[in-house]
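These are my notebook entries on one chain. I set down what I looked up, entry by entry.

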Amino acid sequence: MSDTRRRVKVYTLNEDRQWDDRGTGHVSSIFVERLKGISLLVRAESDGSLLLESKISPNTAYQKQQDTLIVWSEADNFDLALSFQEKAGCDEIWEKICQVQGKDPALDITHDPIDESEEERFEEIPETSHLVELPPCELSRLEEIADLVTSVLSSPIRREKLALALVSEGYIKKLLGLFRVCEDLDNREGLHHLYEIVRGVLFLNKAALFEVMFSDDCIMDVVGCLEYDPALVQPKRHREFLTKTAKFKEVIPITDSELRQKIHQTYRVQYIQDIILPTPSVFEENFLSTLTSFIFFNKVEIVSMLQDDEKFLTEVFAQLTDEATDDSKRRELVNFVKEFCAFSQTLQPQNRDAFFKTLANLGILPALEIVMGMDDLQVRAAATDIFSYLVEFSPSMVREFVMQEPQQTDDDVLLINVVIKQMICDSDPELGGAVQLMGLLRTLIDPENMLASTNKTEKTEFLSFFYKYCMHVLTAPLLAAHDRNSKDLQEGSTKINPVCPDNFQTAQLLALILELLTFCVEHHTYHIKTYIMNKDLLRRVLVLMNSKHTFLALCALRFMRRIIGLKDEYYNRYIIKGNLFEPVINALLDNGTRYNLLNSAIIELFEFIKVEDIKLLIAHIVDNFYEALESIEYVQTFKGLKGRYEQEKDRQSQRLSRYRRDARSIDEDEELWFNDDDDDDDDADAVEKSQIDDDFADSYGKYMEAKKAGAANGATNSVKAAAIPPASPAATANSSSALAVKTVTLPATPVMKTARVGLVDYPDDEDEDDEDEEEEEEQTPRKRARLSS
């Protein structure tokens, strides 16, 4: 069999019944030795890697849909699809599959899995009668036709045969002709039968039938048939909605008729699936899988066709950013871009990347700056959804744009500040938009998704930018709440807890901001620390501990808890210096004996300080607040803090007492050490010391003689020279060279300290009177006694 290649996309059906794109490549059907059979192979066009290797099994049911799709299921309900770029390629591979399975290529399905009993039942049917015989398409036979369609739904092979019969005989258009007749005659019974027939035909789940039913000249009649549900007293008016209420607006004229038709078809089919057809039961959930695939591939085709039309998208963004564009026109343009982005979610990852890069190149982010600042709530909501798609796709792309914005004199024009202001000014009582925007801001400032390169660090650059130009906008509501509280205090407010925003919506907003700031404390070390210190932010946040909304007080407490959890000495000193435990302890005391979340959260804060033994904070708490806290006995936290404090105080006292003693007194341990050292020396060197003492006596005697002689002659230099015993040639015969060396090293010993001081006690006056030997002998013991003491 020849090896043929066609360009295809490989899709797999995920657990949510959505098609995932596995890549683009070229398909071939060849014999694979390992699989022992003819197999479908798809190799990626980018690198030649194997995207798909599937043996054509005789028992696998393959379906051809929309002329360019082949769909089948493998083991464990693993659904696969090949989407061909050309119809010719699809037909060729389809013929190969049918050839291997021995099926007729004219069929759109090669095989349906059926049980043995059903297979036996149909074994006797002649091959020539492969089609179901349909009753004549007449008003009088509508009930018979409805029964036939309903009866085949339980049998896959009979569904296939009925579908072939309906297509081959052009039966669908004949039925829709009868619908128009019944409606003209107001024949309710016939219209109810037609509802059952059309609904049953949809559940046949055949792409060939969908191509007919959803064509321009048939789809509205199909919708009309589905209006007459027998369970309803009055028919629904779906056609009126589709033709009058839901009007197609071309924000920019679409010149491609095929694209326009595809958009109309997709909207109407989606309406049929989501609105008209009842929610399928557990047994019917797979009946409309082909309908889901039909819509999916239509959306992929629409996005691809629009993306390829450069003139169309260029015109869209030109008008979106043009100041001359009126508000209604801009609203339509924003809604179009939003829907366009929503459709792009059906694209596979690499195509979605290309899609968003195209939007970025066309100027989607500058356009969002304009529309997010508009007063129209619908426009802002649509713009928020578009911004959400962009942030989820690539936070780095948004950050790069923000940092490249020209630095304006007014920070308000920056995109992130526009987003923050929209969050703060959300008019929704439940703050739905603010919650969404807060999540997007959190994604943008999350260091985990910031890239680092060799030339620059995105984290450092963006966070520096954010704290310089945007953080003051984010914290403005918090600072305003603090300022209001300060004003109340200055005016002598009589409130017990002067405060705080009592408005529920404002409290919710402040809680969102605090949640974001708490995230910053956890993930931004340097920048948030500098900001908190410079703005005294923690003090301003703790004002909210007085709020009547417990959830807001808890948010403020959580912010402080994250700061203390870092165990940072700078933070701890900042808290102590500002006495910032006071509002927390006041909140605990004001809460009284109530056992609630606020009580538990505050106690957990102090328990953490105790367990982690944060000494600075423990000392501050006990010194300043223990009298107020010692009455709390239902937990041992505060007594434990006091115990830690006392232990540390005792250790400090013991440490300081050693340094406060008299400097002249020697510690007992040190004295014992010296005594032990002297004893060891005496035992080890007793003989040597006696020799040194004898030698010292001889040396000292000679020194005194030399001194007396020097004084008589007035020669000072001679005295100094004679003062070095080892250099004296008059050393006694008992003094060996080794002893002379020891004499030089004598200053290291206690005995030599005495001799050394004597040696440097030079006479101050050359005219010093001679002293008799008795006076010298009297001086010598006195000097020894002083130095040895």
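The model I am reading is a predicted one.

**Entry: the chain as a whole**

Of the contacts between residues at least 6 apart in sequence, 65% join residues at least 24 apart. For secondary structure I noted 36 helices and seven strands. I then looked up burial: the chain has 789 residues, and 42% of them are buried.

**Entry: salt bridges**

How many salt bridges does the count come to? I recorded 28 salt bridges.

I went through some of these individually. Glutamate 183 and arginine 239 meet through their side chains in a salt bridge, at 2.5 Å from N to O. I noted that this pair links distant parts of the chain, with glutamate 183 in helix 5 (residues 171-185) and arginine 239 in helix 9 (residues 238-245), 56 residues apart. Glutamate 183 has a relative accessibility of 26%, so I list it as partly exposed.

Next I looked up arginine 562, which forms a salt bridge with glutamate 522; their closest N and O atoms are 3.4 Å apart. Here too distant parts of the chain are linked: arginine 562 belongs to helix 25 (residues 550-565) and glutamate 522 to helix 22 (residues 504-523), and the two are 40 residues apart. Arginine 562 is partly exposed, because its relative accessibility is 30%.

I then turned to lysine 615 and aspartate 613, whose side chains meet in a salt bridge of 3.1 Å, N to O. Lysine 615 has a relative accessible area of 39% and is therefore partly exposed. Aspartate 613 is partly exposed as well, with a relative accessible area of 23%. I also noted a network in which salt bridges with shared partners join Lys64, Lys87 and Asp91.

**Entry: helix 17 against helix 20**

A pair of packed helices is described by the angle between the axes and the distance between them. I looked up both values for helix 17 (residues 395-404) and helix 20 (residues 458-469): the angle is about 55° and the axes are 11 Å apart. Helix 17 is therefore oblique to helix 20. The crossing of helix 17 and helix 20 is left-handed.

Which residues make the contact? From helix 17 I listed Ser396, Arg399, Val402 and Met403, and from helix 20 Glu458, Glu461, Phe462 and Phe465. By class, the residues of this contact divide into four nonpolar, one polar and three charged.

**Entry: threonine 637**

I looked up threonine 637, which lies in helix 30 (residues 637-659).

Leaving aside neighbours within four places in sequence, I found threonine 637 in contact with Ile603, Phe606, Glu607 and Lys610. I also looked up a C-alpha separation: threonine 637 and leucine 605 are 32 residues apart along the chain, and their C-alpha atoms are separated by 9.9 Å.

Key
Residues numbered from 1 in each chain as written. Predicted model: local features only at pLDDT ≥ 70, side-chain atom pairs only at ≥ 80, totals over all residues. Heavy atoms only, no water. Salt bridge = Lys/Arg side-chain N within 4 Å of Asp/Glu carboxyl O. Helix = DSSP H or I, 4+ residues; strand = E, 2+ residues; numbered from the N terminus. Buried < 20%, exposed > 50% of the residue type's maximum accessible area, 1.4 Å probe, protein only. Axes fitted to C-alpha atoms, helices over the stretch in contact; angles between N-to-C directions. Parallel < 35°, antiparallel > 145°, perpendicular 65-115°, else oblique. Left-handed = near helix turned anticlockwise from the far one by under 90°. Contact = heavy atoms within 4.5 Å. Nonpolar A, V, L, I, M, F, W, Y, C, P; charged D, E, K, R; others polar.
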